[in-house]
Amino acid sequence: MDKILSTKNILISIIKSIDTFNELLKGHHKWTAIIAYQLGNSYGLNKKQLFDLVLSASLHDIGALSVKDKEQLYEIDVQDPEPHEIKGEQMLIGFKPFARISKIIRHHHIKYNQIISGIVDEKDIPIETYFICLADRIDVLLMKFEHDSDKYEKVILDINSRFGEVFAPFLYETF
């Protein structure tokens, strides 16, 4: 009996592979996808956008192949994210179901001030990218403050201080 591989089954296999090779951020893609979905749903993204958001959030760090790339993902401010963003895009762009996802992943560490200053053209940034950027950092901060009794307050303070510079201001109310 032939089995048809669904996008979901392919995705689950890829996520398990990523988690196997990066113990530091085990479960990070799953939690980023959950947080991104909640943000996107609250914001009012449509079903197609939510599907693309969850799929891309589930794969967003797929291009982090080197030890250096993997280690810096745990930092609040990733210093040079472009290599793993580009690798991630290149890994996925040739697979037709993931072509749009690759564009979302390409700038998932975008800082809003890069758009304001003209370093990155806003038309090159799918809306889902902003949600992944925020969800990704929320999860990293939750890991950082994991053992603190006031971790949620710390995460809220840290994230709120970054709107307009790191995170897109249109997401402030949704957050």
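Me: Is E128 buried or exposed?
Reply: Buried means under 20% relative accessible area, exposed over 50%, and partly exposed in between (1.4 Å probe, protein chains only). E128 has a relative accessible area of 0%, so E128 is buried. This is a predicted model, in which local features need pLDDT of at least 70, side-chain atom pairs count only at pLDDT 80 or more, and totals for chains, interfaces and linings use all residues. Residues are numbered from 1 along each chain as its sequence is written, and side-chain values use heavy atoms, with hydrogens and water left out. The state of E128 is buried.

Me: Which residues is E128 in contact with, leaving aside neighbours within four places in sequence?
Reply: E128 is found in helix α8 (residues 127–144); helices are DSSP runs of H or I, at least four residues, numbered from the N terminus. Contact means heavy atoms within 4.5 Å. With those neighbours left aside, the partners of E128 are Q49, D52, L53, R100 and I104.

Me: How far apart in space are G40 and F131, C-alpha to C-alpha?
Reply: G40 is found in helix α2 (residues 28–43) and is buried at 0% relative accessibility. G40 touches F131, as well as L45, L50 and L53, not counting residues up to four places away in sequence. G40 and F131 are 91 residues apart in sequence, yet their C-alpha atoms are separated in space by 6.7 Å.

Definitions and conventions
Helix = DSSP H or I, 4+ residues; strand = E, 2+ residues; numbered from the N terminus.
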